[in-house]
Amino acid sequence: MLKKAVSFSWAPIAVALPVYFGHGGGDGNGHGGGGDGDGSGGPGQESNNSRNVFADIADDDDDDDDDDEEEEDEDEEEEDDDGGEEDAAAPVSQRRKELDIEEDDEDDDHDYMTPEGGFVCETVVADGLPKGPGIPTEDELFASLRCQPNFPCTRAELSEDLKSLLGTGLFEGVDAKVKPMKKGKSQVRFIFKEKVWPEMQSFRVSPPGGNSELLIPKDEVAKVLKQKTLGPTGMKGLAAIKNVVEKWYHDHGFVFAYIRDFEGMDSGHINANVVEGKVNRVNVVYVDDNGNPKKDGGETPVEVVQRELPFHEGNLYNTDDGRKALRDIFALNLFENVQVMPKPNQRDDTKVDVDVMVKERPMKTADVDLAWGLAPNSNGIPLPADKMPGGTLTFENRNLGKRGNQFSASVTAENFLEPNDDIGFKVDYRQPYVRGTSDKFKTALEGTAFNNRKTSGVFNSGGDDVPVVWVDRAGAKIGFQETRSRSSKANYGLVIEEVTTRDEQGQVVTTGRKMLPSGHAAMDGPPTTHSSKGKDRVAFLQANITRDATHYVNGTPVGARDQFTVEQSLGLGIMPFFNKHSVSLTRFIQVFPKKFLRPGSKAPPPVLVLHSRYAGCIGDLASYDLYTLGGPYSVRGFNVGELASARRVFEGAVELRVPVPRLNTHAYGFLEHGTDLGSSKDVVGNPTEYFRKAGSGSSAGVGVKLAAVRTECIWDGNTRRRSFWAHFGERF
């Protein structure tokens, strides 16, 4: 039996799990982001057992022991020569490196032996090996052995395997027996004798070398002594210590942290040397369509990627940082695939090397989208309303000046061949890190010039035929965006615009209209603009703070999302002077997470959604800027603005989402209510009263989400009517 007094050592398996994010997102979590994903990479499996591989143990007496063994082996060989044949079944030990081979009386030719004096291994089994959390399993112990099933093995290789197992420091002694089996193969049986130490008196942790402080709190370390058992400390006791310490690190995302070895077991004053996993090197790798590294790099400078990384040399690697890196790099809109792949350094197990692999999108693109409007003919058959198509022409440069600056321009028209005054455009420019790469808020400069036209929900009715009023806006906005925290962003800037209200023929209108029974339009409606000319010029400061702490569980948002917006006009000259403000609170609450989230399941969990929104205004407020109630993103089951147009509004909604078996989607039911809080009467001309709107309303319904489409059956709480709707995108 092999025996040696050594310390107990654990070392990590050098395995890296990649993290993915992006379009076409890779082939694992590993961290998501081909799109969600989903996950930040780490070294190995979730189970602590995956780290139970072992390193050689240094011992002051090793050299002396080896010399003694060699002398004893020589003596034993001389005795064998003098004594003639002896029993071949002798245990392998530190003093006698021979195999214990059980002879099979029925097998006279002993075909299981190879010409070199070895044998073919059929199976490898273990006797006396303790079992429990944190204790290495047979597969983990035998993974690095030389003697493997279905491969030949020699006496020397088996002896080395015994030394390796004993060198873990886990066992008092290890025996090996070789038993002949059928078909010329043999079974290798390792017999373990567990090593025990005196009862633990104290416990502490330290980094290898003891040159720095560890991250784990002292109260977590104290838990080890609180749960100790009386009596000697064995493998289960050390495994329990390992589970407590490593569990804290892994629960907090430090997946490369592990206990390398223990010291002081013989005295009962145990010290655990903890490796935490510091980032050693971060390498940005540009890959081609086949995933192979590009020799010449990419068009995007490495600095553009590195400034988005939350981890740097000397930091502890954390899976949350890996996920944040995926999210922020992909948000640059420069890459269609991003992978973060951490792995242990091959020369120093206290360090972690991180490869950030990116596949670039085309830097310059141009797109043309054509659209034909449909209208029913006299027979009710939908046909194109115009022979000439409308649509949008878009140009985009995602890496202007090769510094990550972005520029885009789009032009929209109802008729591409004969564009009239209905043509619209939008030009965007974004410069990240405008205050330098050391700016902790990652401030970006954003500029927009725009000219667009939309129908107004203010000048419509709940039932009457009302001529459409179009609102044209042309102007510019310049501002800044700051990333205040992992889940919070702030936007602020200046907006200058000219607002014009027009009818369907493009003529300027100054009041709302409705059709009379005679077929003529009444021109006595509420004013469309603050001025009496149907045109306003407005300048105002705008600020927005968004806190989005949601995360995705199988494609479903779970968490909290809050938004606060304020607009303060400058009131220059005849411009309107006002203060607009709104706050929106939404909670996505996962229901019964343990029951419905089964390991490996792709079904979305049941979610309860609670939503509320308040919006109000002080001062002058033009009709086109009134808050409206009703529509697919307000109170469902009504047209946009069908319920009210007011200075103050409140909305509340409850929605329960339940998974649909096999479809990996949600069916849901909801209740919603909206009210103008009695503020419609404070509006000049009172559009709510003029167009005979209710001022408040409720709805209830059920629906199912199929891809990006929401199909809903809704009951109107005001008229008790039922209707069916289909909308794109999310309600909340």
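Me: At what angle do helix H4 and helix H5 pack in this predicted model, and how far apart are their axes?
Reply: Two packed helices are described by the angle between their axes together with the distance between those axes. In this predicted model, helix H4 (residues 218-226) and helix H5 (residues 235-251) pack at an angle of about 160 degrees, and their axes are 9 Å apart. Since angles over 145 degrees count as roughly antiparallel, H4 and H5 are therefore roughly antiparallel to each other. The crossing in which H4 passes H5 is right-handed.

Me: Which residues of H4 and H5 meet?
Reply: From H4 come Glu220, Lys223 and Val224, and these meet Ile241, Val244, Val245 and Trp248 in H5. The residues of this contact divide into five nonpolar, no polar and two charged.

Me: What is the order of the strands in the open sheet of three strands, and which of them stand at the edges?
Reply: The order of this open sheet is S8-S10-S9, and the pairing is mixed. Strand S8 (202-206) and strand S9 (258-263) stand at the edges, where each has a single partner strand, so one side of each is left without a neighbour in the sheet. From one strand to the next, the twist averages 25 degrees.

Me: How many bridges join S9 to S10, and where does H5 lie?
Reply: In a regular strand the side chains alternate between the two faces of the sheet. Here S9 and strand S10 (residues 269-275) run antiparallel and are joined by five bridges, with Tyr258 standing opposite Val275 in S10.

Me: Which strands pair with S29, and over how many bridges?
Reply: Strand S28 (residues 578-590) and strand S29 (residues 607-619) pair in the antiparallel sense over 13 bridges, and within this pairing the bridge partner of Val583 is Tyr614 in S29. S29 is also joined to strand S32 (residues 649-660) by nine bridges, and these two strands run antiparallel; here Leu610 stands opposite Val654 in S32.

Me: Is Asp321 buried or exposed, and what is in contact with Asp321?
Reply: Asp321 has its place in helix H7 (residues 319-331). Its relative accessible area is 16%, and because buried means under 20%, Asp321 is buried. Leaving aside its neighbours within four places in sequence, Asp321 is in contact with Pro310, Phe311, Leu316 and Arg486.

Note on methods
Residues numbered from 1 in each chain as written. Predicted model: local features only at pLDDT ≥ 70, side-chain atom pairs only at ≥ 80, totals over all residues. Heavy atoms only, no water. Axes fitted to C-alpha atoms, helices over the stretch in contact; angles between N-to-C directions. Helix = DSSP H or I, 4+ residues; strand = E, 2+ residues; numbered from the N terminus. Parallel < 35°, antiparallel > 145°, perpendicular 65-115°, else oblique. Left-handed = near helix turned anticlockwise from the far one by under 90°. Contact = heavy atoms within 4.5 Å. Nonpolar A, V, L, I, M, F, W, Y, C, P; charged D, E, K, R; others polar. Pairing = 2+ DSSP bridges. Buried < 20%, exposed > 50% of the residue type's maximum accessible area, 1.4 Å probe, protein only.
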